[in-house]
Amino acid sequence: MPSSRAPGAGEVAAFRGEILDFIGDPATLGDGAHRHFADGMLVLRDGRVAALGPAAEILPTLPAAAAVTDYRGKLILPGFIDTHVHYAQTDMIASYGAQLLEWLERYTFPVEARFSDPEHAREVAGFFLSELLRNGTTTAMVFATTHKVSVDAIFEAAGERGMRLIAGKVLMDRNVPATVRDTADSGYADSEALIARWHGRERLHYAVTPRFAPTSTERQLELCGRLLDEHPGVYLQSHLAENRGEVAWVAELYPGSSSYLDVYDRFGLLRPRAVYAHCIHLAAADRQRMAATGTAMAFCSTSNLFLGSGLFDVQAADDAGVRMGLGTDVGGGTSLSMLRTLDESYKVCRLAGQTLSPLRAFYLATLGGAASLYLDERIGNFDIGKEADFVVLDPAATALLARRMSHTTTLAEMLFAFMIMGDDRAVHATHVLGAPAHLRTHA
């Protein structure tokens, strides 16, 4: 049984089991992109990776006082990374029967209006992050709401859990109800105050967060660019080309722009650490521009299928060389589970006449997501010195999964079974900086 005690300062903690991580993209490096140890050992000191390799080689080198957690029979992976999700929409998952623009009016804006209440924001933030950890996700890029207290709540909850998290106050100064509307100037001032309070504190990062072009005036987008210029290292998150009706609306609101992407480009919002969700209805030139500026895409498969928005083109993104991560996009997305998201991402690729290999899928959920967020020097794999966030998957989590796993003969087959059949039940444990953040205790 794993210990529930966090290692103390300077202590060495070791974890034994089957271990997999990635050092590159399987789409370009093939089998050279991953490291796999059927009986491996992950050694940590002060929450960071100190050693990785075969257990037979590492066990004799451990200090006598080292605590060894035995995860044999299970698979240890770097923690999952969710590059696009809305914590304030936790209570509106599975809201029936609308496409994007109607769905925002009918469900999203009324739900988000409740986050002016700091107690409500704190309760939802705590539940949301506990659910992420229960699903093996240790890092996320998160939309709050237009209310400053909603940002405080999610950062406070993440800090309590030791998580690496990116979040920001939503900016919307037009085309939304007054209960969720700010002004260009108030949004700028609020964002400045929140950046000063939270960015760079513990493992937390701030993201300038215009919801999408239709709900921001040109003045607000201009001030978003100013915030990024004034605060180097701050992120930007928004939405892009999710729905054809949305794309047409942007063309009406911004007739001087050559494309939806060009709206953001005009205000300097394409750059490293800018992440745009969806990116479905784009021209080749738009993808090339995103690649050239170091801008990333978040592939949100369950949301795109649920809202009927369209199919993300993985091959086109790869051909253009765009950074890409995966997003659960709750509440348009239907699960906070990265395993369920991988399942639907595979199906999106098949519907588009493409494929998503199991190794590529788990790369995107770990190191690929870290690279899209420019965090791959800190998290995403088990390189020496990196922060030790990891998930432990149980191949016998359910009777059917165990039965299927008994017929697998390769690593790829095992991973494919996890991504097609797995869910939160397959997550045996989640560790943040080496300490247990979730331990599954029941079947």
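Buried means under 20% relative accessible area, exposed means over 50%, and partly exposed lies in between (1.4 Å probe, protein chains only). This model is predicted: local features need pLDDT of at least 70, side-chain atom pairs count only at pLDDT 80 or more, and totals for chains, interfaces and linings use all residues. Residues are numbered from 1 along each chain as its sequence is written, and side-chain values use heavy atoms, with hydrogens and water left out.

**View 1. The whole chain.**
The chain holds 17 helices and 16 strands. Both are DSSP runs, numbered from the N terminus: helices are H or I with at least four residues, strands are E with at least two. The C-alpha trace spans about 65 × 45 × 40 Å along its principal axes. A compact globule of 443 residues would have a radius of gyration near 22 Å, and the chain agrees with 21 Å. That radius is taken over C-alpha atoms, and the globule rule is 2.2 Å times the number of residues to the power 0.38. Of the 443 residues, 60% count as buried. Take the contacts (heavy atoms within 4.5 Å) with a separation of 6 or more: residues 24 or more positions apart account for 75% of them.

**View 2. Asn175 and its loop.**
Asn175 sits in the loop between β8 (170–171) and α6 (184–198). Its relative accessibility is 36%, so Asn175 counts as partly exposed. Asn175 has a positive phi of about 60°, although it is not a glycine. Most residues other than glycine have a negative phi, and most peptide bonds are trans.

**View 3. Ala94, in another loop.**
Look between β5 (80–86) and α3 (100–113) for the loop that holds Ala94. Ala94 is not a glycine, yet its phi is positive, at about 65°. With a relative accessible area of 61%, Ala94 is exposed.

**View 4. A cis peptide bond.**
The bond from Val330 to Gly331 is cis, with omega near 10°. Gly331 belongs to the loop between β13 (323–326) and α13 (338–351).

**View 5. Helix α14.**
This helix covers residues 358–365. 8 of its 8 residues are buried, so α14 is largely enclosed by the rest of the structure. Among the buried residues are Pro358, Arg360, Phe362 and Tyr363.

**View 6. A nonpolar patch on the surface.**
Leu305, Leu311 and Leu351 form this patch, with about 250 Å² of accessible area together. Areas come from the Shrake-Rupley method with a 1.4 Å probe; for residues, only the protein chains shown count as cover. Patch residues have over 30% relative accessible area and no salt bridge; like charges are joined within 9 Å, and nonpolar side chains (Val, Leu, Ile, Met, Phe, Trp, Tyr) within 5 Å. A salt bridge is a side-chain nitrogen of Lys or Arg within 4 Å of a carboxyl oxygen of Asp or Glu. Leu305 lies in helix α11 (residues 301–306). Leu305 is partly exposed, at 33% relative accessible area.

The structure holds 0 disulfides. A disulfide here is a pair of cysteine sulfur atoms within 2.5 Å. Cys300 is in no disulfide either: its nearest cysteine sulfur, that of Cys279, is 8.5 Å away. Cys224 is buried, with a relative accessible area of 1%. Cys300 counts as buried at 0% relative accessibility.
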